[in-house]
Structure formats: C-alpha cells, structure tokens
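Subject: Structure handover and notes

Hello,

I am passing on the structure below, with notes on what was found in it. Please read the notes with the structure open.

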Amino acid sequence: MAQGETALRRGLRRRHMTMIGIGGVIGAGLFVSSGSVIAMAGPASVVAYAVGGVIVVLVMRMLGEMAAAHPTTGSFSRYAELALGRWAGFLVGWGYWYFAVSVIAFESVAGARLVSGVVPGLPVWLGAPALLVVLTVVNLVSVRVFGETEFWLASIKVIVVVVFLAAGALYLTGLWPRGGTGLSALTAH
C-alpha cells in the first residue's frame, strides 16, 4: 500500500445489516398514514397491505435470483440494463434516485410529526429539516456509527410494531379494557 492510503474495513456487522433491512421496510409513513388508510378503507386496507407485501416479497425474490444468476457491480438498474438495454438501466437508476429523494422528504415530515407528538411545541416545518441534518451527520461520521444508529432506530420500530400487533390481538380477543368482541367489528358490515 502506498503512503497515505488506508485499508478499507468492514464496519457493519451482521446484526447491523439485518436490522437495517428489517427497519428499512418500516418507515415513519407506516405509523403516520396507516391510521388514515384504515379509517377510510376499513378492513379492506388489511387486504391491500397484504397484497402490497406479497408483491414486495416477489420483487425481492426476483432480484435475489438475478443477483445469484448474474453477479455484477452496481445496483438493480444494472439488471435492467442487461435485460432491456442502456436506456432501461438509465431510467431505472434515475427513477430510483427520484423515488429515494421523495421518500426521504416524506419520511422526514412523517418523522417530524411523530417527534412533535413527543416534543410539544416543535413545529413540523422545523423538525423535518432538523431530522434530515441529524441523520445526514450520523451517516457522514463513520460506517460504525451509522450501523449502530440504524440498528437501534430499526429495533425501536420493530418493537413498536410488535406492541401494536399485541395490543390489537388483545383488543380483538376482548382482553383489552373496553375491547372488542372478536372479529365482529371487521365482519359485521
């Protein structure tokens, strides 16, 4: 190695990668917007979320098959390029970039709404850019700090989802105070 060069090291452990993957699919938007979806669509929203989940699982399986059959550098836009040509790869890559930028903005606003519920008086317009700055700084410090931060934030999201599911099960079984009486609320109308 030449003078001044540093060796690359793996800063993420398996637990970091696992929780980044799990937490990545649970966005702040799930906590903020799912309530309004359930209020508007009722029990049909469960079917819609289930169908969406199946589609996501199928797409991820397909990407896994392509990665196993044709290992390559780059992201999934490379597979579009291999199968359909350079323009397809170009469009998929930039489409994903646009999607990611939009989701980051939406997630920062949703996260700010959640934080404003914990920190009274914090306006969403101030919380959203503050979250963006804090998470950008965390991402730029080091890979290890990024991994630990993502691990703990994803763990919190997973715990909250499990608690919500447990509370829903207690409500449906009538074990929650003033809880429901089985599935009649879902099937009566």
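How are H1 and H7 oriented to each other? H1 and H7 are oblique to each other, the word used for angles that are not under 35 degrees (roughly parallel), over 145 (roughly antiparallel) or 65 to 115 (roughly perpendicular).

First, the basis of the notes. This is a predicted model, in which local features need pLDDT of at least 70 and side-chain atom pairs count only at pLDDT 80 or more, while totals for chains, interfaces and linings use all residues. Residues are numbered from 1 along each chain as its sequence is written, and side-chain values use heavy atoms, with hydrogens and water left out.

Helices (H or I, at least four residues) and strands (E, at least two) are DSSP runs, numbered from the N terminus. Two packed helices are described by the angle between their axes and the distance between the axes. Axes are lines fitted to C-alpha atoms, for helices over the stretch in contact, and angles run from 0 to 180 degrees between N-to-C directions.

The axes of H1 and H7 cross at roughly 50° and come within 8 Å. H1 passes H7 in a left-handed crossing (the near helix is turned anticlockwise from the far one by less than a right angle; clockwise would be right-handed). On the H1 side, the contact (heavy atoms within 4.5 Å) is made by Arg-15, His-16, Met-19, Ile-20, Ile-22 and Gly-23. On the H7 side are Phe-146, Gly-147, Glu-148, Glu-150, Phe-151, Ala-154, Ser-155, Lys-157 and Val-158. By class, the contact of H1 with H7 has seven nonpolar, four polar and four charged residues. Here Ala, Val, Leu, Ile, Met, Phe, Trp, Tyr, Cys and Pro count as nonpolar, Asp, Glu, Lys and Arg as charged, and the others, Gly among them, as polar.

His-16 lies in H1, which covers residues 14-24. With 0% relative accessibility, His-16 counts as buried (under 20% relative accessible area; exposed is over 50% and partly exposed in between, with a 1.4 Å probe and protein chains only). Apart from neighbours within four places in sequence, His-16 is in contact with Gly-11, Gly-147, Glu-148 and Phe-151.

Helix H6 and its two partners

H6 (residues 124-141) packs against H7 (residues 143-172) at an angle of about 135°, with the axes 6 Å apart. H6 and H7 are therefore oblique to each other. Leu-135, Val-138, Asn-139 and Val-141 of H6 make the contact with Val-145, Phe-146, Thr-149 and Leu-153 of H7. The residues of this contact divide into six nonpolar, two polar and no charged.

The axes of H5 (residues 86-118) and H6 come within 8 Å and cross at roughly 120°, which makes H5 oblique to H6. The crossing of H5 past H6 is right-handed. In H5, the residues that meet H6 are Ile-104, Ser-108, Val-109, Gly-111, Ala-112, Arg-113, Val-115 and Ser-116. Their partners in H6 are Val-124, Gly-127, Ala-128, Leu-131 and Leu-132. The contact of H5 with H6 divides into eight nonpolar, four polar and one charged.

Gly-111 is in H5 and counts as buried, at 12% relative accessibility. Leaving aside neighbours within four places in sequence, Gly-111 is in contact with Ala-28 and Leu-131.

Helix H3 and the record

Val-54 is found in H3 (residues 44-69). Its relative accessibility is 49%, so Val-54 counts as partly exposed.

An unreviewed UniProt entry places the feature "transmembrane region" at residues 20-40, 46-63, 84-106, 126-146 and 158-176; such annotations may be inferred rather than shown by experiment, and positions are given in the numbering used here, with feature names shortened. In the model, residues 84-106 are 96% helix and 0% strand, with end C-alpha atoms 31 Å apart. Residues 158-176 are 79% helix and 0% strand, and the end C-alpha atoms lie 22 Å apart.

Regards
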